[in-house]
Amino acid sequence: MKKSLAILLALAVFACGMVATASAADQVVIKIAGMKPEGEPETLGMHKFGEILAKLSGGKFTVQVFPNSQLGKEDAYIANTRRGMIQMCATGTQTSALHPAMAMLETPMLFDNLAHARRAMEGKTFELINQGFTEKSGLRTLNAFPLGFRHFYTKKPLKNMDDLKGLRLRVPNIPLYLNFAKECGISGQPMPFAEVPSALDQGVIDGGDSPFADIIALKMYEIAPQITLSGHILVIHSLYINEKFYQGLSEQEKGWVNQAAKESADYVWNLMAQLEKNAVKTIEENKGTVSTPTPEFHDAMKAAGKRSWKLFYDTVPNAKEILESAESYK
């Protein structure tokens, strides 16, 4: 009897071992690359995606997050995601090199506020921007989430468009951004963001524009204390997944991935709304000045933004439909 019991126990232990091995063999690791450091909305969103996917899948999926360009600069990790060397990445309008319409995620003066943008990105506008993208790129766009509106930070207050004319402001070296600056009368100075603080100190530039997260992180308000809530461009990033990898998943697994992407985007949208309120408080507590453009100033910037949209009409076949769709979500 004892011998039989011992054999049964041994078989049970062996069987458990077989189950554990099978379970381990079924586990899927997803590597996701991003450019932002820890603590920034993009990276927080990637971590949230991993947490939700692990929970939905009962631990079958493990997401390894590589922020702060640990897997290379944006163009490199996008290329590696397309090749399937990594499964996912987070990025913004860099994907417009593969599909010009993706640049329209950051159309100047398109969105009045976060709520307006969220409705458009969760609706038809986002679908129109992505038409044909997967076929061209080998990537699937899973969601869209904000990194914040770009606002001006300057040494002197901005009261109207005349105050912008000839102002030497740092501008990202992106054609759309440079064109918008030109339409505003700004003397756009393209340079890496890391060089901005020293350029401000040395008087090479008079200011720049950035989302609140960057303004706070580098304490721009200490050198350029005049923050104008122009909100002229909303920076929007997305999670992308290799299409072959995605199509290799079961329908249930695709559902988990899609749900995790949606919930992580919701998390970032809600987070950004709170971050903007906190940022204004931080700036004012540190003796910076936060001002809202007059209606006349805003309307003049809106007109400049619309003039810059010509770039889209020249490069994106359905640009008019995209812009009209975004307008409909006001």
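These legends walk you through close-up views of the cavities and pockets in this predicted model.

Residues are numbered from 1 along each chain as its sequence is written. Local features need pLDDT of at least 70, while totals for linings use all residues.

**View A. The largest cavity.** Here you see a space of about 80 Å³, in a structure that holds three cavities of 30 Å³ or more. A cavity is a set of points on a 1 Å grid over the protein atoms alone where a 1.4 Å probe fits but cannot get out, and lining residues have an atom within 4 Å of a point. Among the lining residues are Phe152, Tyr177, Asp209 and His232. Strand 6 (168-171), helix 8 (175-183) and strand 9 (226-242) each give two or more residues to this lining.

**View B. The second largest cavity.** This one holds about 50 Å³ of space. Its lining includes Lys36, Glu40, Leu147 and Asp214. Helix 2 (41-56) and helix 10 (212-217) each supply at least two lining residues.

**View C. The largest pocket.** Welcome to a space of about 1200 Å³. A pocket is an open set of grid points with protein on both sides within 12 Å along at least five of seven lines. Of its 39 lining residues, Met35, Glu74, Gln94, Pro172 and Ile174 lie nearest its centre.

**View D. The second largest pocket.** About 480 Å³ of space lies here, and Met121, Phe126, Thr141, Leu142 and Asn143 are the nearest to its centre among 22 lining residues. Helix 12 (251-285) gives the most to this lining, with six residues.

Terms used: Predicted model: local features only at pLDDT ≥ 70, side-chain atom pairs only at ≥ 80, totals over all residues. Heavy atoms only, no water. Points joined across faces, edges and corners; volume = space filled by probe spheres on them. Helix = DSSP H or I, 4+ residues; strand = E, 2+ residues; numbered from the N terminus.
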